[in-house]
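Please look over the sequence and the structure shown here before reading on.

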Amino acid sequence: MIAVVLAIAGTVWVVPRLFASDVAGTAPEEVISVNPGMRATLLEVADRYLEKDSDRVGVVLASERPELNPKMFCHEELIEVRRRDHQLLLGLVAGCEELARSGNVLIEGGGAILPLLLTVQPADGRFSVVHVQESEDGALYSSSIRKMFSPDGAPRALELSGDGRETSEAVREEARWVFGLPLDAPVTIPTFS
């Protein structure tokens with residue numbers, strides 16, 4: 001086991017990181033191949049669902065600083081797609097953050113990077129999320145990751161969960177674009193009295 005130092009918004013976290021080869025997934029469904037168009041569609045369905053699901057991250061800014069008009073932004077890394085009967089199982093790691101603009105600064109309310117298993121179902125030519133299995137805390141989610149992912153998907157899920165810098169930066173890049181901020185706009189965490 002090694003430690004990774006993760007700096008986000010001025011805070012330094014030490015995150016234990018398991019060796020990815022130590023985790024083999026046990027999900028029984030076969031991983032299926034999807035073309036780039038289907039992949040983009042599935043990621044859009046996941047993104048739209050997660051950005052409306054504030055229970056996963058919380059809404060600190062919405063309750064403490066509503067005048068900032070905060071928004072939830074998510075970025076998903078799709079690891080695998082499996083089929084169960086007529087449903088698809090999307091194994092992914094999602095980073096979601098509540099963000100707002102204040103002047104030329106991006107304000108962070110809260111965030112999380114989690115391995116998730118989304119069950120999506122086709123209906124009327126569209127897909128909708130019908131269930132979300134969230135990983136359980138502890139040992140960097142390794143126990144949950146084993147159950148939620150295939151043998152090949154589990155190591156990647158563990159890697160993405162342990163080092164969320166790329167995912168977090170993708171979320172913030174989108175937020176800067178949406179709020180009309182420059183790409184290098186600083187991120188800050190407000191203090192509440």
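Predicted model: local features only at pLDDT ≥ 70, side-chain atom pairs only at ≥ 80, totals over all residues.

## Helix H1

Helix H1 covers residues 36–52, and at 1.5 Å a residue its 17 residues should span 24 Å, which agrees with the 25 Å between its end C-alpha atoms. At the start of this helix, a side-chain oxygen of Asn35 comes to within 3.0 Å of the backbone nitrogen of Gly37.

The buried residues in H1 are Leu42, Val45, Ala46, Asp47 and Leu50, and what covers the buried residues of the helix includes E4, strand E5 (87–102), strand E6 (105–123) and strand E7 (126–134).

## A buried charge in the helix

Asp47, which has its place in H1, is buried yet takes part in no salt bridge, and the nearest side chain of opposite charge, that of Arg48, is 7.9 Å away. When residues up to four places away in sequence are not counted, Asp47 touches Cys74, His75 and Glu76.

## The aromatic pair

The count of aromatic pairs comes to one. The ring centres of Phe73 and Phe179 are 5.6 Å apart and the ring planes stand at 75 degrees, so the pair is edge-to-face. This pair links distant parts of the chain, since Phe73 belongs to strand E4 (residues 71–84) while Phe179 lies in the loop between helix H5 (165–178) and strand E8 (187–188), 106 residues apart.

Both partners count as buried, Phe73 at 3% relative accessibility and Phe179 at 14% relative accessibility.

## Salt bridges

Side chains of opposite charge can pair when their charged atoms come close. In this model the count comes to nine salt bridges, among them one in which the side chains of Glu80 and Arg82 meet at 2.6 Å, N to O. Glu80 is buried, with a relative accessible area of 4%, and Arg82 is buried as well, with a relative accessible area of 1%.

Another salt bridge is formed by Arg172 and Glu97, whose closest N and O atoms are 3.2 Å apart. Because Arg172 lies in helix H5 and Glu97 in strand E5, the pair ties together parts that are 75 residues apart in sequence; Arg172 and Glu97 are both buried.

Glu159 forms a salt bridge with Arg156, with 3.3 Å between the closest N and O atoms, and both residues lie in helix H4 (residues 153–162), three residues apart, about one turn of the helix. Glu159 counts as partly exposed at 34% relative accessibility, and Arg156 is partly exposed with a relative accessible area of 36%. Elsewhere, salt bridges that share partners join Glu29, Glu80, Arg82 and Arg84 into one network.

Notes
Residues numbered from 1 in each chain as written. Heavy atoms only, no water. Helix = DSSP H or I, 4+ residues; strand = E, 2+ residues; numbered from the N terminus. Buried < 20%, exposed > 50% of the residue type's maximum accessible area, 1.4 Å probe, protein only. Lys, Arg positive; Asp, Glu negative; His and termini not counted. Salt bridge = Lys/Arg side-chain N within 4 Å of Asp/Glu carboxyl O. Contact = heavy atoms within 4.5 Å. Phe/Tyr/Trp six-rings, centres within 6.5 Å; stacked < 30°, edge-to-face > 60°. Expected span 1.5 Å × (residues − 1). Polar contact = N/O pair within 3.5 Å; in protein donor to acceptor, adjacent residues only side chain to side chain.
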